[in-house]
Amino acid sequence: MEIKVLHQIMDWNEDVSEEVKASLASHNICMINVMGSPGAGKTSLITSLIGTLKDRFRIGVIEGDIAGQVDAERIAGLGIPTVQLNTDGACHIEAMSIQHILPSLPLDDLDLIFVENIGNLVCPAEFRIGESLRITLLSIPEGDDKVEKYPLMFTDTDCLVLNKYDMLPYFDFDEQRVCSNYGTVNPDAPLFRVSSRSGDGICDLADFIAEKAGNSQS
Ligand SMILES: Nc1nc2c(ncn2[C@@H]2O[C@H](COP(=O)(O)OP(=O)(O)OP(=O)(O)O)[C@@H](O)[C@H]2O)c(=O)[nH]1
Ligand SMILES: [Mg+2]
């Protein structure tokens, strides 16, 4: 007997992802999927990007967490339309959840939506959610071997953010190792060195997002 369950779920997710993408395109919205380990600095990065991009774009945020609404409260405190998506145990967000929650945002009044995916270096990369852009974070304290150990997360992304770059002097982190491995699995995608805490490096990333958002809207 042929067992196809996994493929069917993945195919179904791809179909819904395309529907979400088309729906966002009809509103001229660019959605950005922010992925990385728990604590890599996803919420901090989104917060910092909001500060840099809010004069150019109308921004909304979907905060994905297994439970709670701590991060959504952080973002909503900035005056940004925010919805919390709790997966109740699932380790990634699927397109159907985004499709379900999108009408909770004021879509006619937005240009950019950041989605903070569940903290995880494995599953989120496998599920498209209708995004136009993917950002993968790797923070310095996590170690320099992650591209080798979790290749899909670094292959299937539009850019890599080395976050907590301010921590580089304090960790035994071989930056060249990461650059070389990333260059091998994803040679055309840029790498940004960022401190979400100080804001160093955030402008280059913001310009990259602005250019991609402009392209996806035109
Ligand atoms: N030094 C330093 N600390 C940072 C930086 N970015 C984030 N942090 C700290 O790292 C911790 C985790 O940051 P968050 O932004 O909450 O990380 P997250 O990826 O959203 O975490 P989860 O939502 O739990 O997966 C916090 O204490 C932040 O202040 C950075 O660039 N430099
Ligand atoms: Mg967070």
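G60 stands opposite I113 of β4, within a pairing of β2 and β4 that is parallel and runs over five bridges; strands count as paired if DSSP finds at least two bridges between them, and helices (H or I, at least four residues) and strands (E, at least two) are DSSP runs numbered from the N terminus. The model is predicted, with local features needing pLDDT of at least 70 and side-chain atom pairs counting only at pLDDT 80 or more, whereas totals for chains, interfaces and linings use all residues. Residues are numbered from 1 along each chain as its sequence is written, chains are lettered from A and ligands numbered from 1 in the order in which they are written, and side-chain values use heavy atoms, leaving out hydrogens and water.

β2 is also joined by five bridges to the parallel strand β3 (residues 82-86), where Q84 is the bridge partner of E63. In a regular strand, side chains alternate between the two faces of the sheet. From β2, I59, V61, E63 and D65 point one way and G60, I62 and G64 the other, and all are buried, that is, under 20% relative accessible area with a 1.4 Å probe and protein chains only.

Conventions: Buried means under 20% relative accessible area, exposed over 50%, partly exposed in between (1.4 Å probe, protein chains only).
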